[in-house]
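Dear colleague,

I am passing on a structure that will be new to you, and my notes on it follow. Please keep it open beside you as you read.

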Amino acid sequence: MREITWLPGDGIGPEIAQATLRVLEASGVSLRLDEQKAGLSAVEAHGEPLPRKVIDSIRRTGVALKGPLTTPSGVGFRSINVALRQEFDLYANVRPVRTLFAGRYQDIDLVLVRENTEGLYVGVEHYIGVGSDRKAAAESVMIVTRFGAERIVRYAFDYARRMRRRKVTLVHKANILKLTQGLILEAGREIAKQYPDIAFEDRIIDATAMQLVLDPSRFDVLVTENMFGDILSDQMAGLVGGLGFAPAANVGGEVAIFEAVHGSAPDIAGQGVANPTALMLAACLMLEHLGEDDAATRMRAAVEGVWREGRVRTRDAGGQATTAQFTDAVIAKLRR
Ligand code: NAI
Ligand code: MG
């Protein structure tokens, strides 16, 4: 039986993790869960946010499904999500968005591939003092390596080919940041030649943000650097109803970690009203990664079916259903 690392997480995490587990069980797939704590719950239980045994577990199983983790604020405290991405070199952050219920747009089906380890988010920052003013200025360094640029672009093209997608759009700002962004654009143009079966275009980030709102159907797979991807992926989640609908896969050479894009939602934690859709869809991505395509397809169809019917909606989508009622509806569909 395949073992995975199971991290329910903080805030609404345990509620949506429990809901997702019920659906996974109903899907008939057999998984052994190695349950671990990270984030605030690990600070409370073990005095540290990312205990060694969590890392060891993920290294052993190679696959984790995680709920959102609260990053306790405090000087010098690193985001655990960033720490996990760095520890396992999870360089590709894959974020699919699809229309699940009628909103502003019909039939949105986009995938963002975000570089997850470089760019401005390496966090190389410092103050520059002038005279007695030690904080007269501040500087952050954007790091792009040819290796990193080529590997994320290649990942996007391989993904497009595997998923039978037609086009890759590379999103950048090489008109201004000629070296860092230029390196990514160069990698895109070079590697695109090796994938004649997939259309390629490049587009400036600001124009892309506008076009995504005007006419999202012109896009298919988008690939971009870390910070642009962070921002665009939330925008894309907004196109399909919000953060409650956006799953993500963090993929590296040896390890993959699946999660919802949203955070621990402390404002609604403990009320039993969180929308578990994003984590359920992340579980579907995990099942596909594990080669459990049949279970993944059935589980996704059940989640999407509940939304298409539109009778059972959670509060964030204008409905009244609790997390448990939504989950019951998904399980009823699975069993049908
Ligand atoms: P958030 O995503 O937790 O919440 C933003 C808003 O969206 C809130 O109003 C929340 O109620 C709502 N929301 C989010 N997910 C929802 C769901 N599934 N169903 C219904 N409503 C939902 O972002 P926020 O408040 O900025 O961050 C809270 C904590 O989460 C912070 O400690 C942050 O560091 C952490 N975080 C963790 C992430 C992760 O583990 N991958 C990602 C983003 C934030
Ligand atoms: Mg983000």
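In what follows, Ala, Val, Leu, Ile, Met, Phe, Trp, Tyr, Cys and Pro count as nonpolar, Asp, Glu, Lys and Arg count as charged, and the others, Gly among them, count as polar. Please bear in mind that this is a predicted model.

The largest pocket holds about 390 Å³ of space, and of the 24 residues that line this pocket, Ser79, Asn81, Arg85, Arg95 and Arg114 are the closest to its centre. Two or more lining residues come from each of helix 4 (80-87), helix 8 (226-239) and strand 12 (256-260), with helix 4 giving the most, namely four. Sorted by class, the lining of the largest pocket comprises seven nonpolar, 10 polar and seven charged residues.

Helix 8 has 14 residues, which at 1.5 Å a residue should span 20 Å, and this agrees with the 20 Å between its end C-alpha atoms. Its buried residues are Asn226, Phe228, Gly229, Leu232, Ser233, Met236, Ala237 and Leu239; seen down the helix axis, the buried residues fall within an arc of 160 degrees, so they line one face of helix 8. They pack against several elements, including strand 4 (92-98), helix 6 (180-192) and helix 7 (205-214).

In helix 7, Ile205, Thr208, Gln211 and Leu212 are buried, and because these residues fall within an arc of 115 degrees when seen down the axis, they line one face of helix 7. The buried residues of helix 7 pack against strand 5, strand 8, strand 9 (199-204), strand 10 and helix 8.

With best wishes

Conventions
Residues are numbered from 1 along each chain as its sequence is written. Chains are lettered from A and ligands numbered from 1 in the order in which they are written. This is a predicted model: local features need pLDDT of at least 70, side-chain atom pairs count only at pLDDT 80 or more; totals for chains, interfaces and linings use all residues. Side-chain values use heavy atoms; hydrogens and water are left out. On a 1 Å grid over the protein atoms alone, a cavity is a set of points where a 1.4 Å probe fits but cannot get out, and a pocket is an open set with protein on both sides within 12 Å along at least five of seven lines; lining residues have an atom within 4 Å of a point. Grid points are joined across faces, edges and corners, and a volume is the space filled by probe spheres set on the points. The expected span of a helix is 1.5 Å times one less than its number of residues. Buried means under 20% relative accessible area, exposed over 50%, partly exposed in between (1.4 Å probe, protein chains only). The arc is that of the directions from the helix axis to the C-beta atoms. Contact means heavy atoms within 4.5 Å.
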